[in-house]
Amino acid sequence: MKRILPILIGAFAVLSANAQIIPNQYGYDKLSQYVDKFNDDDEELYINEYPNHKAKEFLAKNIPLFDCPDESINATYYFRWWTFRKHIVKTEKGHVITEFLPKVRWSGEFNTIACPAGHHIREGRWLKDSQIIGDYVKFWSTAKHIRRYTFWYANSAYEYHLARPNEQMLKDLYPAFKKNLQAWEKSNFSKTDKLFKQKDGADGMEISISGAMIMSWIGYRATINSYMFAEYETMAKIAQLLGIKEDVKYYTEKAEDLKKRINTYLWDKKDNFYKVMFCGNFGQLSDVRELHGYTPWYFNIPPEEYSVAWEQIKCKDGFKSKWGLTSAERRDPRFRLSYIGHECQWNGPVWPYSTSITLTALANFVNNYKSDNVDKDDYYDALKTYADAHRRTTEDGRIVFWIDENQHPDTGDWISRTVLRNWNGPKGWDYIERGKDYNHSTFNDLIITGLMGIRLGEGGKVVINPLAPDSWDYFAIENVPCKNKMLTILWDEDGSRYNKGKGFMIFANGKKIVQKDSVQKVEIDL
């Protein structure tokens, strides 16, 4: 008790630091209960800066509180923050975020990997301690392994800046952004075809149908081309902010040209989907729909008429399954759910990495496009399925919260975990539970920017447009660090849950700035 008491005092002392609107039983008490459960169920194999006994204190000080009628989404929200803090490492170069908890041989300095870094930055920007992600953004400016995997670096840093304004950071890192983009152009841009090429494995998507599975190792993929479009577009925005007029013009033209080529050459008119084009045979597209074909909507690249592609997330012959969105369409004869060979195959299994890209893209679609092929109910359905998938049944029959690498869409089994354990028993290819608490995706950013609808603009502009179901009679997210303010959003239909009155309300630093009778899109300036 003597050891626990100081932790609890430190954890809940944060109440006096931020304006508290959500009553404790729906906020800090729930956080405490969830952390206790996660800790009790956990075998803590790897320890970084914040071990389990510090989790409650760290989370109480650093994460926005969240409450909604869906208990699975509530629990998964807190679970993903609980796992995220495990990956925070403090080094002589500042804080970094890891993908795997054990050291893996394909990582770089401090066990970092570029592949999920964009996800790390988008997720971690909502921590109240802004230095953690600030350090991490700076770390990549000198990391030698930044291009070992595809990574939308400048765009991620700019998204962090939109939440936590830091023009000086953008100014300091602008030369590194430019150097990184120039290096991508030198190594991966075809001067002939004027598109970026990439291996599926270097996209973090090994053994894909359109890649290694048919021996087409390098292709013009919608992934890297969308990311490089975002880099060009972001560089133009940063140059505008810094007053570098010649760069504004240069990068704007680059972005517009690449966008046109993505929409012209990587779109299959027959199958209404973005596909991989084979290098060396310009114009020939792969004959399979793969989930990464939704990546262009992550950056609002597609025109309105391409919206029909979204029908495939509702189709069981497409990507929809019991446990999530499959990495390839099920109707394709090469669709596989294999426990033989490479443990990380992208030819069928559900991958949280791609799920989080697709759901970010879907939230963009619902917010920014007029077509009604999918709507906010489809967003909630996919998000709900994603939340429910964060589970594992233990050998003794208990159901515990879990996040790992790739998942069987029909059974929920974590495939790579099973494969590795079969290879070498519980140790599994020299790593005990390599994929446990895997940090290769977002979830909480999807809650904050999608479900709760915090859409960031430039300057102090913020659009609030929750994608929560109309049937919900309450929801709240409290103290989201945004534009140097603490933002709270709540909906209380009859006023009985939060005792702040009836309706849809927005607070900045505890002061009510919006009151509406119903949940609706609202534009504010902080």
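A residue counts as buried when its relative accessible area is under 20%. The legends below describe close-up views of a predicted model.

**View 1. Phe79 and Phe401 form a tilted ring pair.** The ring centres are 5.7 Å apart and the planes meet at 35°, so the pair is classed as tilted. Phe79 belongs to helix H4 and Phe401 to strand S10, 322 residues apart in the chain. Phe401 has a relative accessibility of 15%, which is under 20% and therefore buried. Phe79 is buried too, at 1%. Both residues belong to one aromatic cluster, whose members include Tyr34, Phe38, Trp81 and Trp82.

**View 2. Tyr294 and Trp297 form another tilted pair.** Their ring centres lie 6.1 Å apart, with the planes at 50°. Tyr294 is buried at 0% relative accessibility, and Trp297 is buried at 0% as well.

**View 3. Two arginines sit over aromatic rings.** Arg85 lies over the face of Trp82, 5.0 Å from the ring centre. The charged end of Arg497 is over the ring of Tyr26, 3.7 Å from its centre.

**View 4. The largest pocket holds about 640 Å³ of space.** Its lining has 26 residues, and Glu159, Asn300, Asn364, Arg455 and Leu456 lie nearest the centre. Helix H12 contributes the most to this lining, with 5 residues. By class, the lining has 8 nonpolar, 9 polar and 9 charged residues.

**View 5. The second largest pocket holds about 320 Å³ of space.** Among its 21 lining residues, Asp41, Glu43, Arg392, Trp402 and Lys436 are nearest the centre. The lining comprises 9 nonpolar, 1 polar and 11 charged residues.

Definitions and conventions: Residues numbered from 1 in each chain as written. Predicted model: local features only at pLDDT ≥ 70, side-chain atom pairs only at ≥ 80, totals over all residues. Heavy atoms only, no water. 1 Å grid on protein atoms, 1.4 Å probe; cavity = no way out; pocket = protein on both sides within 12 Å on 5 of 7 lines; lining within 4 Å. Points joined across faces, edges and corners; volume = space filled by probe spheres on them. Helix = DSSP H or I, 4+ residues; strand = E, 2+ residues; numbered from the N terminus. Nonpolar A, V, L, I, M, F, W, Y, C, P; charged D, E, K, R; others polar. Phe/Tyr/Trp six-rings, centres within 6.5 Å; stacked < 30°, edge-to-face > 60°. Buried < 20%, exposed > 50% of the residue type's maximum accessible area, 1.4 Å probe, protein only. Lys NZ or Arg CZ within 6 Å of the ring centre and 35° of its normal.
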